[in-house]
Amino acid sequence: MNFQFCLCILGFSISVLGQSLSLDAYLAHIDQNSNYLKSTQQSLEQHRDHVETERRKSGWVVSGKSYWDQQDPNPPNRLFMSQSRTTHTGIATQLTKPIWQTGGQIGLSHELRRMDQSQPLVSLGGSQQPLQPNPLYTRSAGLSYRQPLLQNRWGTQSERHYKLAKNNQRYQAIIQAESEESFRLEYVLHYLTWAHYYTMTTIMRDRLAVAVALYTENQAKYTNNLIETLDILQSQHYLNQQQTHDSQAQLLLETHQNKLSAGLNYPAIRVSTPTLDLYQIPNLNTEPMPQSLRIVDALKTQQAGNHLMYASIMDQKRPQLDLIVQAQWHDSINEHNRITDYGLMDKQVAVQFSTPLGLKPVAAELDALKHDMQRIQHTIDHELNQLMAHKAFLESEYRRLRVHYEYQTTAVALHTQTVKEENRLYEQGRRNLTFVLQSQDAEHAAKLAMLDTAYQLHCIVAQHNALLDRLQ
């Protein structure tokens, strides 16, 4: 069994034991199992929870209290009051809800009260009776509404935290999407590198097979005294050189596979082979640039947050002028001291005014926000220019390499024909072995250069798609 046959057996074993792994399956595994992508999803859920927390602040709020209060009369009134203490006990509940659309607030209240006090008797209609029942039970129910007329009109202040939380959620979603795409691009490039190394080992293995065949053939010729000792030494040196290159390529491939396997927690990569054919050059996406790009959208979202803060601070400069309307129903007292229907109603309309005396800190904050909005706009213009420049560079490189690749394809075909011709002349004794080996080296270098160009073209297409938010 010669060395070439052993290589064939080894290559067959590798192809049987290994499994094919497409780029789509590779990316699907990353999407399902990457801890980094899982952490970004948890971060987005956290921001959704923050938005929901702010939204729930627009709901009803219930509050209540129970109390006990004892007071001494001061000064005592001998005619209408006893000198005993007055004791008040009660329980009160209240429901309030902000109305974000108007900036107002509605309130509902209810209270039960009891008052205990010893009362002096007075003559009323020929009989002596206390001035009021003892103990005295009362209850009341109220409805109120507060409407801001200047500050917080239409809910500018009420909705501020909710709107800012939603704006921050949009910003974080854009940033996370951009980060995830950068992460996927990194591993797409790792997959392309893996396909590059794998194809390179195939070229090295083919070249090693040629070196083995040449050495085996020359060994037989040398045994029959058909060639000189220099030829067998040259072919043996050439074989040793190709064995070294092949082992280096195999080691480079295994190192990259181990790195991918450990980084993705994907042991199957160690025994898999990439299915991507690098010689199938993809076309560059020539569709028009999207109307919006994530990196620009993120800056615009920041700018929208600044506009919200600016509007809120401008609103804070206004005086606080609130219209308050209240109505309270309470029961009338009957002779049996029992709780009856809500027969009495108190009404109130009030206007409440307040304003801070110093607004200098607010003015300074407004200036800071103006400068920040101008900074963001300049950054947007800069990023757009950089994106257009990088896009133009990638497209130019693609066109250049695509033309170069076509020339390299022709060069490989010419080198292959040259190798055949040099072998034919060598077999006829019209050329020495040196020219055969030189032609094989030239063919090998041309194949590696063509592979490297194909690899670069695939990388440019992936980077171009990521630049325009089109990476799948």
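Predicted model: local features only at pLDDT ≥ 70, side-chain atom pairs only at ≥ 80, totals over all residues.
Helix axes here are lines fitted to C-alpha atoms over the stretch in contact, and angles run from 0 to 180 degrees between N-to-C directions.

Q: At what angle do H2 and H4 pack, and how far apart are their axes?
A: Two packed helices are described by the angle between their axes and the distance between the axes. On the H2 side, Leu23, Tyr26, Leu27, Ile30 and Asp31 take part, meeting H4 residues that include Phe183 and Tyr187. For this pair, the values are about 140° and 11 Å.

Q: Is H2 roughly antiparallel or oblique to H4?
A: Only angles over 145 degrees count as roughly antiparallel. H2 and H4 pack at about 140°. That makes H2, relative to H4, oblique.

Q: Within what arc do the buried residues of H2 fall?
A: Tyr26, Leu27, His29 and Ile30 are the buried ones in H2. An α-helix has 3.6 residues a turn, so residues three or four places apart point the same way. Seen down the axis of H2, the buried residues line one face of the helix, because they fall within an arc of 155°.

Q: Which exposed residues does the face of H2 turned away from its buried side carry?
A: The buried residues of H2 pack against strand E1, H3, H4 and H5. Turned away from that buried side is a face with the exposed residues Asp24 and Gln32.

Technical notes. Residues numbered from 1 in each chain as written. Heavy atoms only, no water. Buried < 20%, exposed > 50% of the residue type's maximum accessible area, 1.4 Å probe, protein only. Helix = DSSP H or I, 4+ residues; strand = E, 2+ residues; numbered from the N terminus. Arc of directions from axis to C-beta. Contact = heavy atoms within 4.5 Å. Parallel < 35°, antiparallel > 145°, perpendicular 65-115°, else oblique.
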